[in-house]
Amino acid sequence: MKYILIIGDGMADVRLRELDGKTPLQYAKTPTMDKLASDGTMGAVLTIPDGLPAGSDTAILSIFGCDPKSCFTGRAPLEASALGIKLSPGDIAYRCNMVTFEDEDMPFEDKKIVSHSAGSIDGEESDAIIKDLFDGKQFNEAAKKAGIAIYPGSSFRHIAVQNASRAKNTEGTVLTPPHDHLGEPLGRHLPRGSPNAEVLGGLTRLAHKILDNHPLNIKRRAEGKLPANGIWLWAEGTSVELPGFTAKYGKTGGVISAVPLCRGIGALIGLDLVYVEGATGELYTNYEGKVDAAMELLMARDFAAIHIEAPDECTHNGDLAGKLQAIEWIDNRIVRPLTDRLGENGTDYRVLILSDHKTLSTTRAHDGSPVPYIIYDSRTKHDTGLSYCEEDAERGQFISAGTELMDALFRE
């Protein structure tokens with residue numbers, strides 16, 4: 001028996017007027033997932049415990065069986081582990097996004113956050129800009145004074161680490177996710193609440209002053225692209241330990257994802273990390289390569305997790321057409337070929353398919369309400385007539401905690 005987890009990040013949504021009152025999952029053409037929903041077990045699951053932030057960090061921890069109420073210290077330490085960064089006691093890791101601030105000539109605090117990803121900036125260009133920033137004399141001196149070092153992430157996602165000797169006076173710090181406040185004046189969302197937050201806010205202002213006329217940003221504007229004219233520090237946290245996956249479930253496996261968060265969680269729970277050439281974390285990624293990698297992984301291991309970031313990124317970017325396309329490609333370029341190949345091989349399998357959280361097209365932000373899931377066993381057929389969408393999920397089985405999902409997948 002083989003076991004597969006497929007996460008379509010942010011697929012779940014709400015009804016939209018633009019889609020004739022349907023959700024993207026209802027509107028998109030997903031015949032394979034609909035068939036698996038009808039023949040398997042369909043329902044809704046609460047992946048994010050009450051009181052915790054709605055995001056992939058808390059949701060995916062839950063999905064992998066780690067209770068975020070007891071082990072979540074912040075998103076950045078999870079991503080740091082994917083880069084092989086070892087945090088010492090007292091160190092604080094931050095996600096450092098390359099972002100786009102409004103180009104208008106106005107006070108910094110009045111400028112709007114245009115893009116949380118600097119227009120989905122290319123990894124090579126993003127690395128070059130962040131390295132130039134931290135290597136430059138003025139910013140380098142400010143970063144050293146704050147005790148902050150940068151670890152480029154080869155996408156818009158970088159990791160900054162503040163050493164324990166400088167990470168003081170942090171109580172009360174409030175750092176906000178940039179993707180939750182797109183189109184809003186950034187002043188009200190700058191780091192606040194503590195003396196250390198003032199230091200981080202100062203670095204944010206200085207970075208914009210330096211990067212606004214960086215040669216690569218001048219080039220990006222000339223090419224009609226958004227400039228990477230700012231950084232955004234958020235998702236802070238200290239070192240974390242997670243329970244071992246194989247010790248807990250008795251299964252070996254691996255994680256296939258372009259996103260550091262998923263790879264970091266996988267590394268911390270002892271799963272193999274599988275890298276796929278051309279996997280980007282965006283709409284245009286190597287779907288077929290992920291299927292090939294999953295099949296190869298399943299030849300040697302019990303379990304394969306495939307994470308696809310595209311629906312979430314498209315929603316944050318306000319790209320509804322892209323979200324629909326991403327959902328359809330997950331169906332016909334991930335789920336269908338993978339299940340077809342397993343069937344052709346005569347392999348018995350169980351597959352869990354879900355959105356880790358809702359990402360709302362109405363706000364371009366995350367939502368922590370229950371999401372639809374499918375658990376399908378190739379040896380059984382139920383023919384319930386349910387399709388894979390939020391409405392039908394409410395007619396199925398409700399799971400009150402995402403931490404129960406792995407037990408349900410592995411239950412014979």
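**Stop 1: P243**

Select P243 and show its contacts, meaning heavy atoms within 4.5 Å. Leaving aside neighbours within four places in sequence, P243 is in contact with C66 and I269. The model is predicted: local features need pLDDT of at least 70, side-chain atom pairs count only at pLDDT 80 or more, and totals for chains, interfaces and linings use all residues. Residues are numbered from 1 along each chain as its sequence is written, and side-chain values use heavy atoms, with hydrogens and water left out.

P243 sits in the loop between β7 and α10 (245–249). Helices (H or I, at least four residues) and strands (E, at least two) are DSSP runs, numbered from the N terminus. At 38% relative accessibility, P243 counts as partly exposed. On this scale, buried means under 20% relative accessible area, exposed means over 50%, and partly exposed lies in between (1.4 Å probe, protein chains only). P243 and K29 are 214 residues apart in sequence and 38 Å apart in space, C-alpha to C-alpha.

**Stop 2: strand β3**

Select residues 92–101, which form strand β3. Of its 10 residues, 10 are buried. Check both faces. One side carries I92, Y94, C96, M98 and T100, the other A93, R95, N97, V99 and F101, and all are buried.

Next, show the partner strands. Two strands pair if DSSP finds at least two bridges between them.

- β6 (residues 157–162) pairs with β3 in the antiparallel sense over 6 bridges. Here, H158 is the bridge partner of C96.
- β7 (residues 230–237) also pairs with β3 in the antiparallel sense, over 6 bridges. Look for L233, which stands opposite C96.
- β4 (residues 113–115) pairs with β3 in the antiparallel sense over 2 bridges. In β4, S115 is the bridge partner of T100.

**Stop 3: Q162**

Stay in strand β6 and pick Q162. Q162 is buried, with a relative accessible area of 0%. What does its side chain meet in a polar contact? The side chain of N196, at 3.0 Å. A polar contact is a pair of N or O atoms within 3.5 Å; within protein, one must be able to donate a hydrogen and the other to accept it, and residues adjacent in sequence count only if both atoms are side-chain atoms. A polar atom of the Q162 side chain also lies 3.0 Å from the backbone oxygen of A146. Not counting residues up to four places away in sequence, Q162 touches several residues, including D91, I92, Y94 and A167.

**Stop 4: helix α7**

An α-helix has 3.6 residues a turn, so residues three or four places apart point the same way.

Just after α7, G147 takes a positive phi of about 75°.

**Stop 5: S155**

Move to the loop between β5 and β6 and select S155. Is S155 buried or exposed? At 12% relative accessibility, S155 counts as buried. A polar atom of its side chain lies 2.9 Å from the backbone nitrogen of R157. S155 also touches G123, S126 and D127, not counting residues up to four places away in sequence.

**Stop 6: strand β1**

Select residues 2–8, strand β1. Here 6 of the 7 residues are buried, so the strand is largely enclosed by the rest of the structure. β1 runs parallel to β11 (residues 349–354), joined by 6 bridges. Y3 has R350 as its bridge partner in β11. β1 also runs parallel to β10 (residues 303–308), again with 6 bridges. I6 has I306 as its bridge partner in β10.

**Stop 7: the lining of the largest cavity**

Finish with R75, R95, H179, E309 and E313. Of the 13 residues lining the largest cavity, these lie nearest its centre. On a 1 Å grid over the protein atoms alone, a cavity is a set of points where a 1.4 Å probe fits but cannot get out; lining residues have an atom within 4 Å of a point. Helix α13 (residues 310–316) gives the largest share of the lining, 3 residues.

Technical notes. 1 Å grid on protein atoms, 1.4 Å probe; cavity = no way out; pocket = protein on both sides within 12 Å on 5 of 7 lines; lining within 4 Å.
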